[in-house]
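Hi,

Here is the structure I said I would pass on.

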Amino acid sequence: MFSSYDGLCTIGELAEHAGVSVKTVRFYSDRGLLPEASRSAGGHRRYAPDAVDRLAMIRSLRGLDLPVPEVRRILDEQDGRDGAGAEGSGGAGGALEDAVAGRLRAVGSELAALRWREAALRLVQECPPAERPGRLRLVGAVAAPPSTASLARFWRAWLPARMPARSVSAFLEAAVPHPPDDPRPAQVLAFARLHAFVTRPCGGGEGGGSCQPRAHGVAGARASAVLYAGLAEAYDLAGGEQRRGAAPAAGEALDGFVDAYASTYGAHDTPAFRRLLAGRLATDPRIDRYWDLTAEVISAPGGRPEPTPGSAHDWLLTALDAELEEVGADHGDTPGGSTGAGRDSAAPSPVPGGGRAVSPR
């Protein structure tokens with residue numbers, strides 16, 4: 001390949017064959033990526049013929065924006081395989097596979113950030129001039145790509161202390177919306193408002209009171225975990241009904257919903273219990289704003305809102321009220337009427353000690 005008597009080439013010849021500058025060859029050589037075969041009597045670098053292919057590999061890897069340390073690991077692995085022969089080829093490409101996968105993740109994050117910024121800029125551009133300062137403050141408080149850490153912190157403060165980690169993770173998976181990969185301006189606005197909602201001081205604004213319902217302390221962490229597991233199943237069933245456009249009604253979802261409370265507090269699922277449960281849940285503190293914004297974040301613009309645990313809870317509570325009204329009408333009772341002392345004792349409270357029922361509303 002080279003014209004010299006020993007088949008080696010100078011740094012200039014290598015640069016010319018590879019189509020790069022001498023400075024580039026020297027850069028990779030100084031960092032140990034491109035070993036020299038020898039030095040001339042005058043101290044000039046000389047390279048073997050395979051240096052051309054090695055330099056092409058280095059340039060390809062760098063063209064993928066892989067950092068020099070990653071390139072070195074890939075080349076070291078390749079050198080190890082070449083030295084080990086056929087026996088060492090079993091794990092070929094591990095370093096390259098890891099580096100490419102890591103770079104793909106980084107590029108995906110960069111693209112997500114760019115798409116988020118583009119939607120945020122359109123949001124500011126398309127709103128009336130008088131509203132732009134407020135919009136800027138809202139979207140400026142959210143990173144790009146957006147993080148859900150503030151939402152997770154909100155729910156961790158709300159959930160019972162010492163609740164099993166597996167139960168917490170399952171609840172967060174359902175309650176914390178993940179921003180869309182390609183958001184529309186309306187979704188950016190909804191997520192920014194959601195971030196502002198959960199980062200306000202506890203007790204401020206909608207819902208009032210403490211971040212954590214009293215029932216959490218009364219029921220205990222393990223009992224609350226049982227309750228949330230049962231509610232999750234009921235919410236999934238109710239969500240399926242919502243997607244079908246079904247009106248709230250008695251059925252498997254409602255039975256699971258009531259059973260979650262009854263099982264947690266050692267009660268029996270009786271009409272009296274259902275009346276008591278409906279009354280308690282009707283006065284439970286609400287965070288409807290959170291679920292409304294969550295639906296905006298996860299739903300396709302212009303389409304049917306995606307169900308959330310909050311909307312599923314409301315669907316089930318409406319179904320429970322409708323069932324009680326129907327039962328009351330059949331028996332000539334006043335819908336939603338209060339139970340007597342005997343009935344209260346026959347149907348244990350869904351929340352021991354008279355605390356509020358546990359629900360992600």
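First, some ground rules. This is a predicted model, in which local features need pLDDT of at least 70 and side-chain atom pairs count only at pLDDT 80 or more, while totals for chains, interfaces and linings use all residues. Residues are numbered from 1 along each chain as its sequence is written, and side-chain values use heavy atoms, with hydrogens and water left out.

The chain has 16 helices and 3 strands; helices (H or I, at least four residues) and strands (E, at least two) are DSSP runs, numbered from the N terminus. Of the 361 residues in the chain, 39% are buried (buried is under 20% relative accessible area, exposed is over 50%, and partly exposed is in between, with a 1.4 Å probe and protein chains only). Among contacts with a separation of 6 or more, 71% are between residues 24 or more positions apart; a contact means heavy atoms within 4.5 Å.

Now the helix pairs. Two packed helices are described by the angle between their axes and the distance between the axes. The axes are lines fitted to C-alpha atoms, for helices over the stretch in contact, and angles run from 0 to 180 degrees between N-to-C directions.

Take α12 (residues 252–264) and α13 (residues 271–282): they pack at about 85 degrees, with their axes 11 Å apart. That makes α12 roughly perpendicular to α13 (under 35 degrees is roughly parallel, over 145 roughly antiparallel, 65 to 115 roughly perpendicular, and the rest oblique). On the α12 side the contact includes Phe257 and Tyr261, and on the α13 side it includes Phe273 and Leu277. By class, this contact of α12 with α13 has 8 nonpolar, no polar and 2 charged residues. Here Ala, Val, Leu, Ile, Met, Phe, Trp, Tyr, Cys and Pro count as nonpolar, Asp, Glu, Lys and Arg as charged, and the others, Gly among them, as polar.

Next come α6 (132–140) and α9 (residues 185–198), whose axes come within 8 Å and cross at roughly 70 degrees. These two helices, α6 and α9, are therefore roughly perpendicular to each other. Arg135, Leu138 and Val139 in α6 meet residues of α9 including Val188 and Ala192. The contact of α6 with α9 divides into 6 nonpolar, no polar and 2 charged residues.

For α7 (residues 149–158) and α8 (residues 165–175), the axes come within 10 Å and cross at roughly 130 degrees. That makes α7 oblique to α8. In α7, Ala152, Trp155 and Arg156 make the contact, with Val168 and Phe171 among their partners in α8. The α7 contact with α8 has 6 nonpolar, no polar and 1 charged residue.

The strands form an open sheet in the order β1-β3-β2, with antiparallel pairing (two strands pair if DSSP finds at least two bridges between them). β1 (9–10) and β2 (38–39) are at the edges with a single partner strand each, so one side of each has no neighbour in the sheet. β1 pairs with β3 (residues 45–47) over 2 bridges, and cysteine 9 has tyrosine 47 in β3 as its bridge partner.

Most residues other than glycine have a negative phi, and most peptide bonds are trans. Aspartate 65 is not a glycine, yet has a positive phi of about 70 degrees. Aspartate 65 sits in the loop between α3 (51–63) and α4 (68–84) and is partly exposed, at 47% relative accessible area. The peptide bond from alanine 144 to proline 145 is cis, with omega near -5 degrees, and proline 145 is in the loop between α6 and α7.

Cheers
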